[in-house]
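We'll start at a loop and work our way through helices, a strand and a few side chains.

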Amino acid sequence: MNKPMKYLAAMIAMALAGTATAKTGDAEVTRATLDNGLRVVIVRDALAPVVATEMNYLAGSDEVPEGFPGTAHAVEHMMFRGSPGLSKDQLAAIAANMGGAFNADTTQSVTQYYFVAPAQDLGVALHVQSLRMRGVDMSPAEWDKERGAIEQEVSRDLSSPDFKFYTQMLEQMFSGTPYAHTPLGTRPSFDKTTAKMLKDFHDSWYAPNNAILVIAGDVDPVATLATVKSEFGGIARRTLPARPAFAFKPVTAKTVQLPTDSPYGSVYLGYRMPGLTSNDYATALVLSQALGSQRAALFGMGMDGTAMFGGFFDEAMPQSGVGMAVGIFPKGGNPQPVLAKMQSILAAAASQGIDPELVEAAKRKVIAALEFKKNSVEGLANAWSHALAFQQLDSPDAMKTAIAAVTPAAVNALARSSFDPAHAVTAILTPESSGKPVAGKGFGGAESFAASPDKPVTLPAWASEAFAKLAVPPSSLKPVSSILPNGLRLIVQPESISETVLLSGRIKTNEDLQSPKGEEGVADLLDGLFPFGTASLDRLQFQQALDAISAHESAGSSFSLAVPSAHFAEGVKLLADNELHPALPAQAFAVVQQREAGMVAGEIQSPDFLAQLGLDKALLPAGDPQLRHATPQDVMGLTLDKVKAYYAQTYRPDMTTIVIVGKVDPAQAKQVVEQAFGDWKAAGARPDTDYAAVPANKPGQLHVPDASAVQDSVDMAQTIDVTYNDPARYALNLGNEVLGGGFYASRLVRDLREKHGLVYTVGVSLDPDRHRGIYKVSFGCDPDKVGAAGAMVVRDLKQIQQQPVTADELQQAKGILLRRIPLGESSFGAISGQLLTLSLEGKPLDAMTIAGQHYLELTAAQVQQAFAQHVRPAALVTAVKGPAPKG
């Protein structure tokens, strides 16, 4: 493909400037190292007018002071509380106005700060990153406020039994090294941490010569590099402290037993494996992929009834990693046979080796996965950051050579050295029933908080100029839509950024409305049968055919295919064979039925299920079809004939949409899909699959005990008479951005987190259906803070009904929603999801552009009126899941 002349000129200019430019697939890659040591990589990706910037500081929890494991994490939090020349309120407003993702992540070796934003805001993002590299405000008062939020995050994670096991596994595997603790930190250590300690960490490690800046997206490389030099070139390099040494001791076998609030039990077998920077990492990656294959014995446990599910995954850090086999067993089941089977499988892998065919298939899939990462602007930036900052590689493609060189002998040698029972960490997480839901007392109404209007945020000139003009962004999508003779709708969006294709499909079904009474659970049981192959290919043969073309496929009422474009036609043919001619074997039915019954038995006693069911019962009238749910008896009462009858009734081409995104010609795609799905026919009238409208709910409160939790999870919800076709949804969406959008900049986040430290995160959502809707505010906090947080939620909802939002808030909310439009087109997954949803809701495919025009024209009075008319703060149902109330 010939490059445009401007990019040829750009290459010449950069060559003269001593900057390296290369081609990787269809992406231009520009590299530079500034005089102060900052490494810069710019990857041009024209998928959408979107850019992702990731500043990777090569310091994380490995570098923290002894006894203060969360220092790097705390610094990450404080980086959002302002820098010299940029207050925390200005930072929050800027991030919110950009409309995309603005966050950070602390790992053992790297702390990342990233923006995903419209390409037009690249200059703003880079200026913010440069100000934060130069300095950060670490006042004791600000740290005292942030300490409350970060301790809520600790409580949230410690409410997960899986996380508790993970922390114990790290202690056992990596004792005496920085990897012995997670980057999260602990409440006792944060109580002892001072603002000065955080400032010292920032000033020691946040230096240009200890950072890698990755920029990916639809950018001009020459102009972008010039901006980077202008923003960062004047920051002085620093002498870095010594890094910690790693001296790993042999792992001593240990078994951990914990209760879990999950509806099923889990067995884990963990082993130490090579890290990201090891010469053996490519071998470990292939080994993990081979052991996790759907043709491998671990996955087979879930297919022959030994377990509900089996698999293998890995998590690698730079210096070392963890390989983990997992087996799932039903509530009330015996984990020991599952554990014994897993131990036997891994012992066989160590003594007899891995099937060479699985090794070769794993290599192809791992290499293909590198190509699939190009299908997202953010994913592309992540891939480059991971390769450079975590793996110390030259590029993501550098792994391809290493993976291609992996041999079955190397994989077998690694299996022999890794899977030694004397060095295994074992965990058994056993489900415990929730207590019965009880009526809540004191939620949301006892406290009173006087409303104090905040001062408007005055943005710096460089930011206010960038956000001054609002406009509906032009869409980069030009989908080609057609209806096949059998009624199936096909939408194709050609993209050439990678040599891959993503197909997403959905059949509009609703078990609650389409299954006979007493046959609850039939849809899930049917979905569980699709992995057993087709009428012509058994499970292993079918998976082998997918492996041969490096494809990932799933069938059911929602189905998908990710495949290299060279094998598009073969992949679609396999998908259609599975979707239209599933094997549905009797032997498999018995296995899936037992598995599903076991899952349901645990689920209906789990805290999550009981909390959601309690909330639904409070919101919906008795007998509403949405309240239907399966019991083990329902599942065991099903027959294969009933499952086949449900399949025949509900799987209809005229209720189906297929969206294809990727390197494919629309005419070719239509021909391939028509050949594969054209013989699929529907009989009878199209069914109604949408729930009916419901009356307004009454207020209520409930509490579901969760013995494994440290923190309460809270939903405050109500039914709302706004549907996905109601014009009022635009004003409510805009108001929700004022309430809950954009980090510190929204009212709820500012009040609940920033001012009072009650929560770590809070979100607000409008979930409209065709005839009904749910309005919800969700947050997590310590049990003794639920009342205060709930009262603030009610207060803020009343305030938006009683007073128009400010001009600044309205402008910011509009900017968020308008800038979010191109972000919805910045990955194959986002594009396909958007087009699929619009099709199934019967909306035009340019509905996002139409929505943008509505947002642009909305007034503060219209937002106020929509909330006053449709939202009922006094009628919220508060559902709390968490530790049992004391007393």
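Start with glutamine 392, which sits in the loop linking helix H14 (377-390) to helix H15 (398-404). Keep in mind that this is a predicted model. Glutamine 392 has a phi near 60 degrees, a positive value in a residue that isn't a glycine. Is this residue buried or exposed? With a relative accessible area of 58%, glutamine 392 is exposed, because the cut-off for that label is over 50%.

Now hop to leucine 584, in the loop between H21 and helix H22 (586-603). Leucine 584 isn't a glycine either, and its phi is also positive, at about 45 degrees.

While you're here, look at H21 itself. Helix H21 (residues 568-580) and helix H26 (residues 666-677) have axes that come within 9 Å and cross at roughly 30 degrees. That angle makes H21 roughly parallel to H26, because angles under 35 degrees fall in that class. As for handedness, the H21 and H26 crossing is right-handed. On the H21 side the contact is made by Phe568, Ala569, Val572, Lys573, Leu575, Ala576, Glu579 and Leu580, and on the H26 side by Gln668, Ala669, Val672, Val673, Ala676 and Phe677. Sorted by class, the contact of H21 with H26 comes to 11 nonpolar residues, one polar and two charged.

The axes of helix H4 (residues 122-134) and helix H9 (residues 221-232) come within 9 Å, crossing at roughly 25 degrees. So H4 is roughly parallel to H9, and their crossing is right-handed. H4 brings Leu122, Leu126, His127, Gln129, Ser130, Met133 and Arg134 to the contact, while H9 brings Thr224, Thr227, Val228, Glu231 and Phe232. What does the contact of H4 with H9 look like by class? It has five nonpolar, five polar and two charged residues.

Next, find glycine 217, in strand S9 (residues 211-217). Glycine 217 is buried, with a relative accessible area of 0%. Skip its neighbours within four places in sequence, and glycine 217 is in contact with Val43, Arg44, Asp45, Val50, Val51 and Val377.

On to helix H28 (residues 747-755), where eight of the nine residues are buried, so the helix is largely enclosed by the rest of the structure. The buried ones are Arg747, Leu748, Val749, Arg750, Asp751, Leu752, Arg753 and Glu754. At the start of H28, a side-chain oxygen of serine 746 reaches to within 3.4 Å of the backbone nitrogen of valine 749. After H28 comes glycine 757, with a positive phi near 60 degrees.

Last stop: aspartate 782, in the loop between strand S25 (773-781) and helix H29 (786-802). Aspartate 782 is buried, at a relative accessible area of 9%. Which side chain does aspartate 782 join in a polar contact? That would be arginine 187, at 2.9 Å. Beyond its neighbours within four places in sequence, aspartate 782 is in contact with Gln152, Ser155, Arg187 and Gln711.

Conventions. Residues are numbered from 1 along each chain as its sequence is written. This is a predicted model: local features need pLDDT of at least 70, side-chain atom pairs count only at pLDDT 80 or more; totals for chains, interfaces and linings use all residues. Side-chain values use heavy atoms; hydrogens and water are left out. Axes are lines fitted to C-alpha atoms, for helices over the stretch in contact, and angles run from 0 to 180 degrees between N-to-C directions. Helices (H or I, at least four residues) and strands (E, at least two) are DSSP runs, numbered from the N terminus. Angles under 35 degrees count as roughly parallel, over 145 as roughly antiparallel, 65 to 115 as roughly perpendicular and the rest as oblique. A crossing is left-handed if the near helix is turned anticlockwise from the far one by less than a right angle, and right-handed if clockwise. Contact means heavy atoms within 4.5 Å. Ala, Val, Leu, Ile, Met, Phe, Trp, Tyr, Cys and Pro count as nonpolar, Asp, Glu, Lys and Arg as charged, and the others, Gly among them, as polar. Buried means under 20% relative accessible area, exposed over 50%, partly exposed in between (1.4 Å probe, protein chains only). A polar contact is a pair of N or O atoms within 3.5 Å; within protein, one must be able to donate a hydrogen and the other to accept it, and residues adjacent in sequence count only if both atoms are side-chain atoms.
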